[in-house]
Every structure is written in structure tokens, then in C-alpha cells.
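Hi,

Here is the structure I promised to pass on. Please have it open while you read; my notes follow below.

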Amino acid sequence: MASLAELNRRLVSCRRCPRLVAHREHIARTRKRQYRDWTYWGKPVPGFGDPNARLLLVGLAPGAHGSNRTGRMFTGDASGDWLYQALHRFGFASQPTSRSADDGLTLIDCYITAAARCAPPGNQPARQELDTCRPYLEREVQLLPNVRVVLALGRIGHEAWLRASGWWERLPAGQRPRFAHGRVTRIPDGLTLVCTYHPSRQNTNTGKLTRRMWHGVFRRVRRLLDEREE
Ligand code: SF4
């Protein structure tokens with residue numbers, strides 16, 4: 001696949017994971033009461049953003065009534081509210097909200113993707129489903145040549161990027177970057193990997209991830225990119 005556009009065209013018709021296909025389509029048929037007037041997307045969700053981005057965000061998987069409804073990464077749910085508020089505050093998004101795929105939002109120097117592209121039951125893709133979906137992320141990593149900082153949103157996004165970029169195999173087990181909120185790791189080829197807890201309701205409602213912690217991570221990312229320009 002020669003381009004992100006071609007990759008995304010193929011992705012949206014993918015049906016390789018029977019359990020996830022059944023779930024995403026069931027959710028799209030049954031819908032949530034507050035969204036009964038919506039026609040849900042109900043398909044794999046493509047990556048979104050600036051093809052020349054220096055910042056790559058890797059999340060977990062589409063939310064059942066968020067991007068599985070709207071068709072755009074992190075759009076239309078509580079995680080997205082946290083994400084786009086911070087992206088806008090630190091200069092990576094044109095607006096602080098993300099409600100629908102046609103709301104005019106653009107990303108600046110930033111691209112968003114995920115470990116799995118179909119909404120999983122209980123927000124938990126199975127190991128085999130992550131393995132099956134990984135070639136899309138691998139190809140995306142190859143098609144985003146300017147990325148300098150990778151922000152992993154949660155442990156699964158962290159491992160997904162390490163595997164898709166090849167560093168999981170290249171580094172001995174004891175030297176692989178470990179996931180911890182706020183951890184910054186320099187990868188040998190000049191990339192920097194930054195970790196954060198995922199901005200899921202489960203983390204933000206319980207105080208595991210506070211707004212201060214969240215903004216602290218984005219401040220660090222901004223500085224890392226600005227340092228490179230000097
Ligand atoms: S999770 Fe990935 S591999 Fe599985 S059906 Fe969705 S797009 Fe295809």
C-alpha cells in the first residue's frame with residue numbers, strides 16, 4: 001500500500017476478526033438511546049491527522065459509541081473530550097472539541113492511530129485480534145516518515161507501537177521500554193517514546209489520571225518537539 005489514503009481505504013472494509021466485526025455491527029444496529037438519530041459508522045476506524053506529523057499518538061481501540069459511531073479516532077466520547085482539549089491547548093489541534101467527522105477539526109503536526117481498529121466488547125481486544133490488526137499499524141508507521149515523538153496512550157498502545165515499529169524484536173527483553181505513566185524513553189534511532197495512562201473514563205473518573213498529570217505529559221511532548229527545532 002503506497003499511501004495512507006490507500007491503507008485507510010482497505011482498512012475500512014476489513015472483516016478479519018469475527019468477534020469484533022459482530023460487536024461493532026451489533027452496536028451500530030442497536031445504538032444508544034441518546035444517539036438513536038445517528039447512523040453509526042460501525043466499521044474499522046482509520047488513522048487521522050497530518051501525514052507529515054512529528055507526533056504520533058497510539059491508542060487502544062474505538063469506543064463503542066465514540067469513534068464506532070462517528071468514524072473518526074477519539075471522536076464523540078469522554079476520552080476524546082480529554083484528548084482534543086489537551087491537543088488544542090498544546091498546539092496540535094485546531095479546536096478543543098471533536099463531535100463528528102465533519103466538525104472541521106484538523107490536527108497540526110500530529111497523527112492519531114490505535115492498536116485495534118474495531119470496537120471490542122468491554123474495550124478489551126484479545127491478543128489474537130491485536131496480532132491480526134497489527135499489519136495496519138506497521139504500515140502506518142512506515143508511511144509516517146517524519147514522526148519523532150510517539151505518545152502511547154495506555155499499556156496496550158505502548159506494546160502495539162513497540163511491536164509494529166520492530167523495536168520489540170530488536171531489543172532484548174530486559175532492555176525494552178517499560179510502560180509507566182510519564183516515562184520518556186529515547187529509542188536508538190532518534191525517536192522518543194512517551195507513555196501516559198489512557199484518558200478513559202475509568203482512569204479519569206477515579207483520579208488515576210488527573211488533568212494536571214495529563215497536561216504534564218503534553219507539556220513534555222511539546223518541549224521534546226520544540227527542542228528538536230532549535
Ligand atoms: S480489528 Fe483490525 S484486523 Fe480486526 S477486523 Fe478490525 S480492522 Fe480488521
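Predicted model: local features only at pLDDT ≥ 70, side-chain atom pairs only at ≥ 80, totals over all residues.

Thr-185 sits opposite Leu-193 in strand 6.

Leu-151 stands opposite Val-194 in strand 6.

How much of strand 6 is buried? For strand 6 (residues 192–196), 4 of the 5 residues are buried, so the rest of the structure largely encloses it.

Next, the ligand. There are 14 residues around it, and Cys-14, Cys-17, Pro-44, Cys-118 and Cys-133 come nearest. Helix 2 (18–30) and helix 5 are the elements that give two or more residues to this shell. Helix 5 gives the most, with 3 residues. By type, the shell divides into 9 nonpolar, 1 polar and 4 charged residues.

Helix 5 (residues 127–142) also meets helix 6 (residues 155–165). Their axes come within 9 Å and cross at roughly 65°. The crossing is right-handed. Helix 5 makes the contact through Leu-130, Arg-134, Leu-137, Glu-138 and Val-141. Helix 6 contributes Ala-160, Arg-163, Ala-164 and Ser-165. The residues of this contact divide into 5 nonpolar, 1 polar and 3 charged.

Best wishes

How values were computed. Residues numbered from 1 in each chain as written. Axes fitted to C-alpha atoms, helices over the stretch in contact; angles between N-to-C directions. Left-handed = near helix turned anticlockwise from the far one by under 90°. Contact = placed C-beta atoms within 7 Å. Nonpolar A, V, L, I, M, F, W, Y, C, P; charged D, E, K, R; others polar. Near = placed C-beta within 6 Å. Buried ≥ 20, exposed ≤ 12 C-beta atoms within 10 Å, placed from the backbone. Pairing = 2+ DSSP bridges.
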